[in-house]
Amino acid sequence: ERVTATYVTLPYTFYVETPATVTAGEPFFFLIVARDESNVTLTSWKGFVELHAMNADGTGPATAELSDTTALIASGGMVWKLQEKYNVSEPIRISASADGVTGYSQPMTVLPGPVDHVVIEPTVDELPEYATRNFVATAHDIYENEAQPSAYTWSVESTLGSLNTTV
């Protein structure tokens, strides 16, 4: 009978390098590296890494979760995580954890996507003659993040009244 012992160094931390800015709902990629106490890549470490979206301070969960919460480091102690998505426009960090060790990315800004629809408030079906009403338009992307339109164009049929767009 033969017994084989293998010495494995566990990660001291995970280095997570993300883009500074991404767009909500669009794919992005980032790097995960297993490192030892001297900040050297553990080229022999292999395993699954759990991923989570964290708030900008890294102290709690973000508003939503990443589209894929696992990555496999199969060789070389590192992996490029491809096709990740996050749908909420807010600053986040990404945490990477395995073997009781966690590492965090720097803060990453998630911007809203392109305008998908505009909400006009208040919703009014009727307005008494000579009455005045203020309206507010808010643009949203497909994930309901408030988006920045290039400009709004307000109009009203002349038989119904007039607009004061400078208010």
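Which residue lies over the face of Tyr 15? The first close-up takes that up; all views come from a predicted model.

**View A. Arg 35 over the ring of Tyr 15.** It's Arg 35 that sits over the face here, at 4.3 Å from the ring centre of Tyr 15.

**View B. Phe 29 and Trp 80, an edge-to-face pair.** Searching the whole structure turns up 3 aromatic pairs. In this one, the ring centres of Phe 29 and Trp 80 are 5.6 Å apart and the planes meet at 65 degrees; edge-to-face needs over 60, so that's the label this pair gets. The two partners come from distant parts of the chain, 51 residues apart: Phe 29 belongs to strand 3 (residues 28–35) and Trp 80 to strand 6 (residues 78–84). Trp 80 is partly exposed, with a relative accessible area of 46%.

**View C. Strand 7 and its partners, strand 4 and strand 9.** Strand 7 (residues 91–98) is mostly covered, with 6 of its 8 residues buried. Look for Met 54, whose bridge partner in strand 7 is Arg 93. Strand 9 (residues 108–111) is also antiparallel to strand 7, joined by 2 bridges; there, Pro 91 has Thr 109 as its bridge partner.

**View D. The hairpin of strand 7 and strand 8.** These strands pair in the antiparallel sense over 4 bridges, with strand 8 covering residues 101–104. Ala 96 finds its bridge partner in strand 8 at Gly 103.

How values were computed
Residues numbered from 1 in each chain as written. Predicted model: local features only at pLDDT ≥ 70, side-chain atom pairs only at ≥ 80, totals over all residues. Heavy atoms only, no water. Phe/Tyr/Trp six-rings, centres within 6.5 Å; stacked < 30°, edge-to-face > 60°. Buried < 20%, exposed > 50% of the residue type's maximum accessible area, 1.4 Å probe, protein only. Lys NZ or Arg CZ within 6 Å of the ring centre and 35° of its normal. Pairing = 2+ DSSP bridges.
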